[in-house]
Amino acid sequence: MNERKPEDLEKIEIDLLLRGIYEWYGHDYREYAYHSIRRRIWHRVHAEKLNSILELLDKVMHNPDCMQRLMEDFSINVTEMFRDPSFFLHFREEVIPILRTYPSIRIWHAGCSTGEEVYSMAILLQEEGLYDKTKLYATDINTTVLQTAKNGLFPIFNMKKYTNNYVEAGGKRAFSEYYKVTNDKVKFDASLSKNIVFAQHNLVTDRSFNEFHVILCRNVLIYFNKELQQKVHQLFYESLGMFGILGLGDKETISFTSKADCYKELNGKQKIYQKIN
């Protein structure tokens, strides 16, 4: 018999946990990047004061509240207003002229987290005179962060960073004009959210729900394995209209996917692509 290593047993336990979650709750994490999901599982094992992954499996199967906490751990919620400002600057300069030619615009923010990116886009569209003819769809698997996004309330201590990002992204006004301060929070103006639809959507299991002119999914796919990334790129391809725009995160690419030849680079450095066939 071949000598087995402790990490082999650990992988079996993780596989059992993820399969159990899929079979019992219908949530599919089996194709998330292994090392990332492993870290989050062990975080929850320790947070629940358990000794093993199998103990976590038992608790998750019999305790929906524990399952909810684990889902929160699996959901990656790292975001900020005008994150990677150069992306938004080039979007303003290279994509907005294309969008001006459309009578109406549909944009999908996939994996929107707490909503900072979609509010950033709303500001950009307002400044370019396109907001009133745009519908923005902001989706995430995590209902908790979606509620935060709907509320439009963010910690005031983030505003200095967000203001700097806004300026570097080519902002045309004083960033403070877009929000009001309430205690230690800021509330973004209701005019920014009137054309935003917030909805739960699972990139792993859910299908396309509309045809879009722009899809932004930035710094989400890095947490999926290659097979799952292929599936999500197929979803995006099916959801984009001809000549639609796909925006990815700075560590992501379409180069390895089966759909790579279906796009041209509008800006390779900023990971902005246009569907051409």
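1. Three strands make an open sheet in the order β3-β5-β4, and the pairing is antiparallel. β3 (153-155) and β4 (179-182) stand at the edges with a single partner strand each, so one side of each has no neighbour in the sheet. From one strand to the next, the twist averages 30 degrees. Strands here are DSSP runs (E, at least two residues) and helices are DSSP runs too (H or I, at least four residues), numbered from the N terminus. Two strands pair if DSSP finds at least two bridges between them.

2. **Ground rules.** This is a predicted model: local features need pLDDT of at least 70, side-chain atom pairs count only at pLDDT 80 or more, and totals for chains, interfaces and linings use all residues. Residues are numbered from 1 along each chain as its sequence is written, and side-chain values use heavy atoms, with hydrogens and water left out.

3. Look at β5 (residues 185-188). It pairs with β4 in the antiparallel sense over 4 bridges. With β3, β5 has 3 bridges, again antiparallel. Val186 of β5 is the bridge partner of Val181. Val186 is also the bridge partner of Phe154. Lys180 stands opposite Lys187 in β5.

4. **Two faces of β5.** Buried means under 20% relative accessible area, exposed means over 50%, and partly exposed is in between (1.4 Å probe, protein chains only).

5. **The hairpin.** β4 and β5 form a hairpin with 2 residues between them. Asn183 sits in the turn and has a positive phi of about 55 degrees. Most residues other than glycine have a negative phi.

6. Phe82 is not a glycine, yet its phi is positive, at about 50 degrees. Phe82 lies in the loop between α4 (64-74) and α5 (85-99). Phe82 is buried, with a relative accessible area of 0%. Lys271 is not a glycine either, and its phi is positive, at about 60 degrees. Find Lys271 in the loop between β9 (263-267) and β10 (272-275). Lys271 is buried, with a relative accessible area of 14%.

7. **The seven-stranded sheet.** What is the order of the strands in the open sheet of 7 strands? The order is β6-β2-β1-β7-β8-β10-β9, with mixed pairing. The edge strands are β6 (196-200) and β9, and each pairs on one side only. The twist averages 20 degrees from one strand to the next.

8. Start with β1 (residues 105-110). It pairs with β2 (residues 134-140) in the parallel sense over 6 bridges. Ile107 stands opposite Leu136 in β2. β1 also pairs with β7 in the parallel sense, over 3 bridges. Here Trp108 has Ile215 of β7 as its bridge partner. Next, β7 pairs with β8 (residues 240-248) in the parallel sense over 5 bridges. Val214 stands opposite Ile245 in β8.

9. **Why is β7 (residues 212-217) largely enclosed by the rest of the structure?** It is largely enclosed because 6 of its 6 residues are buried.

10. **The second largest pocket.** About 150 Å³ of space lies in this pocket. Its lining includes Leu203, Asp206, Arg207, Leu228 and Glu238. By class, the lining has 5 nonpolar, 2 polar and 4 charged residues. Ala, Val, Leu, Ile, Met, Phe, Trp, Tyr, Cys and Pro count as nonpolar, Asp, Glu, Lys and Arg as charged, and the others, Gly among them, as polar. On a 1 Å grid over the protein atoms alone, a pocket is an open set of points with protein on both sides within 12 Å along at least five of seven lines; a cavity is a set where a 1.4 Å probe fits but cannot get out; lining residues have an atom within 4 Å of a point. Points are joined across faces, edges and corners, and a volume is the space filled by probe spheres set on them.

11. **The whole chain.** The protein chain has 9 helices and 10 strands. Of its 277 residues, 51% count as buried. The C-alpha trace spans about 65 × 50 × 30 Å along its principal axes.

Notes
Axes are lines fitted to C-alpha atoms, for helices over the stretch in contact, and angles run from 0 to 180 degrees between N-to-C directions.
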